[in-house]
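Try each task yourself before you read the solution.

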Amino acid sequence: MAVAMAVATAHLRFSLFPSKISHYPKNTRRLPFLKISPIILSLPRTICVSSSSTSIKAEPDLAEAESDNSPNNQTRWKPITKRKVAMRVGYVGTNYRGLQIQRDSASTITIEDELENAILKAGGMLESNYGNLHKVGWRRSSRTDKGVHSLATVITMKMEIPDGAWEEDPDGIALADVINGHLPYNIRIFSILPVNKRFDARNECISRKYVYLLPAEVIGIGNASSPEAIQSHVKEFRDTLQLFEGRHPFHNYTIRAQYRKHSPKSLIKTSRPNSLVEKGSSLKSKDVQIKGGNDASKRILYKLEKRKLNLNSTSEDEEDLVVSTDDIECGSNTSDALSVLTCSRAKWLHEPDETDRITSAHFRKIMSCTCGELETISNAQYIEISIHGESFMFHQIRKMVGTAVAVKHALLPKDIIKISLSRYSRIVLPLAPCEVLVLSSNEFSPSNTSALNLELSRFTRSTGVQRRVNDFYSNVLLPEVAKFLDPSKPVWRVWLDYLDQCSIPDVEMNELRRAWTQWQENSNSRQQKTSY
């Protein structure tokens, strides 16, 4: 009993990256962030699902699953009871518009769209609950943006399950494989486990860790760089990244309005007489007049080029130009043939603005933000950026990376990071590509020990579950990420061209720096008076 209580009060620390693997597909190798005790595998591996070898009984009029990679799998269990479960899920986000389901867009496919359909087909959800995940208590440990990958997402729900689901399968692998039979190859449920009714995947997830794989050439490291030059580049970049550590308002690294409970509707003028467009609405390029045409054109041409290349856009929306007055201030100029949006890139709020308030919801704590040494995979050199924080806002990590790269290129001054983390600054910062960002781990610590279900530890301690993560990572996720580690690929070539246009005009930067310095002095003065 004493041992059980000790385990129950400890953190559930998920290090969800796969173990070392002895064999890999041709032309690939293990990424260096896979640092767990070895598990020897023979790859490629096919996981077979057969209802006859487990306690899960297939309905007699439906066929058994032959493989969890089979697109025509019709295996379905017979629901007996409802139980709250936790699913550990991995996916390649390249072809999806993020994790979270979007009911308002019939043409948008997300990871949760696929999961909901597969769970229904497998018998894990009643038809009366389909289309409303709230009815089944659906909760996720974290959300990922469009194009972002994961090995560590934990989703909880009240699932319709067969009788004795875990009696002969304590790791919940057979249960997961029935659902996997209805999923595409790039989404996998590794395990399904029963959890306490009070367990909340989101509220009890106290930290998340992401890795971002950046081609080395992006920060100035070439094939001919000397060891001394490489070390200098890595150290300089690491020092810049570490400026993000601590608890700060990251309002400049997201769409601020999304984190206000009651934000007044902001309006901007368009080229049409007496026309107003609400913040967050979509505008076609012909509707908007511009200021600073050359700079703006680069950013919009970046969108158009990405669309032409059929790649995932790293901008707000690749179909229309999404207008957010949190991030832009539109002007008017028709000096460019392409009508596009541009903005004042930086300003300081000398007076409070009730329409643009920064609240506690914009603050985030970053425990660690750093990068490793130079690594190589398939002849491509890259740097692994590791960011560990309590939670992250929409686009936050990608804007952190984009800003750090812009500082390394001297397109932005190094003090822009400290200034941007002040609640009175308003700065437009560059957004890095999404194709190489991976959610690698979660850490859980329940607020009430009675909510902790010790079965959850099987997600990381079971060799069977870890073997499945290894298999998915080496055969599916790794080859996809490796595609984007060549700096000559369009995603990087086009983005670096766009990045060159992200500098802040000297007039704006000097005014911003003066205001920030004055604010710092006033703040220090107030603190000294308080201490007396």
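The exercises below go from the whole chain to single residues in this predicted model.

**Exercise 1. Getting an overview**

Task: Describe the protein chain through its helices and strands, its buried share and its contacts.

Solution: 
- Step 1. Start with the secondary structure: the protein chain has 11 helices and 16 strands.
- Step 2. Turn to burial. Of the 532 residues in the protein chain, 54% are buried.
- Step 3. Residues 24 or more positions apart account for 76% of them.
- Step 4. Finish with the surface. The accessible surface comes to about 24,000 Å², and carbon and sulfur atoms hold 48% of this area.

**Exercise 2. Salt bridges across the chain**

Task: Find out how many salt bridges the structure holds, and follow three of them to the parts they link.

Solution: 
- Step 1. The count is 12 salt bridges. As background, side chains of opposite charge can pair when their charged atoms come close.
- Step 2. Go to glutamate 112 and arginine 140, whose side chains meet in a salt bridge with an N to O distance of 2.5 Å. Glutamate 112 is in helix H2 (residues 111–122) and arginine 140 is in strand E3 (residues 139–140), so this pair ties together parts that are 28 residues apart in sequence. Both glutamate 112 and arginine 140 are buried.
- Step 3. Next, take glutamate 390 and arginine 247, a salt bridge with its closest N and O atoms 4.0 Å apart. Glutamate 390 sits in the loop between strand E14 (380–389) and helix H6 (396–408), while arginine 247 belongs to strand E7 (residues 246–249), so the parts tied together are 143 residues apart in sequence. Glutamate 390 is partly exposed, at a relative accessible area of 31%.
- Step 4. End with aspartate 356 and arginine 426, where the closest N and O atoms of the salt bridge are 2.7 Å apart. Aspartate 356 lies in the loop between strand E12 (346–348) and strand E13 (363–377), and arginine 426 lies in strand E15 (residues 425–427), 70 residues away. Both aspartate 356 and arginine 426 are buried.

**Exercise 3. Two serines**

Solution: 
- Step 1. Locate serine 207 in strand E6 (residues 205–215). Serine 207 is buried, with a relative accessible area of 2%.
- Step 2. Beyond neighbours within four places in sequence, the contacts of serine 207 include Met367, Gly389, Glu390 and Asn442.
- Step 3. Now move to serine 141, in the loop between E3 and strand E4 (149–161). Serine 141 is buried, with a relative accessible area of 0%.

**Exercise 4. A check on cysteines**

Task: Which cysteine has the closest sulfur to that of cysteine 369, and is it too far for a bond or close enough?

Solution: 
- Step 1. Recall that a disulfide is a covalent bond between the sulfur atoms of two cysteines.
- Step 2. The closest cysteine sulfur to that of cysteine 369 is in cysteine 371, 8.8 Å away, too far for a bond. A disulfide needs the sulfur atoms within 2.5 Å.
- Step 3. Both residues are buried: cysteine 369 has a relative accessible area of 0%, and cysteine 371 has one of 5%.
- Step 4. For the structure as a whole, the number of disulfides is zero.

**Exercise 5. Into the nonpolar core**

Task: Find the residues with the most contacts inside the largest nonpolar core, then explore two of them.

Solution: 
- Step 1. The largest nonpolar core has 77 residues, and those with the most contacts inside it include Tyr212, Leu214, Ile416 and Trp492. Helix H9 (residues 463–482) gives the most to this core, with eight residues.
- Step 2. Isoleucine 416 is buried, with a relative accessible area of 0%.
- Step 3. Methionine 509 is 93 residues from isoleucine 416 along the chain, and their C-alpha atoms are separated by 8.8 Å. Met509 is also one of the contacts of isoleucine 416.

Notes: Residues numbered from 1 in each chain as written. Predicted model: local features only at pLDDT ≥ 70, side-chain atom pairs only at ≥ 80, totals over all residues. Heavy atoms only, no water. Helix = DSSP H or I, 4+ residues; strand = E, 2+ residues; numbered from the N terminus. Buried < 20%, exposed > 50% of the residue type's maximum accessible area, 1.4 Å probe, protein only. Contact = heavy atoms within 4.5 Å. Areas by Shrake-Rupley, 256 points an atom, 1.4 Å probe, with all protein chains shown as cover. Core = buried A, V, L, I, M, F, W, Y, C linked by side-chain atoms within 4.5 Å.
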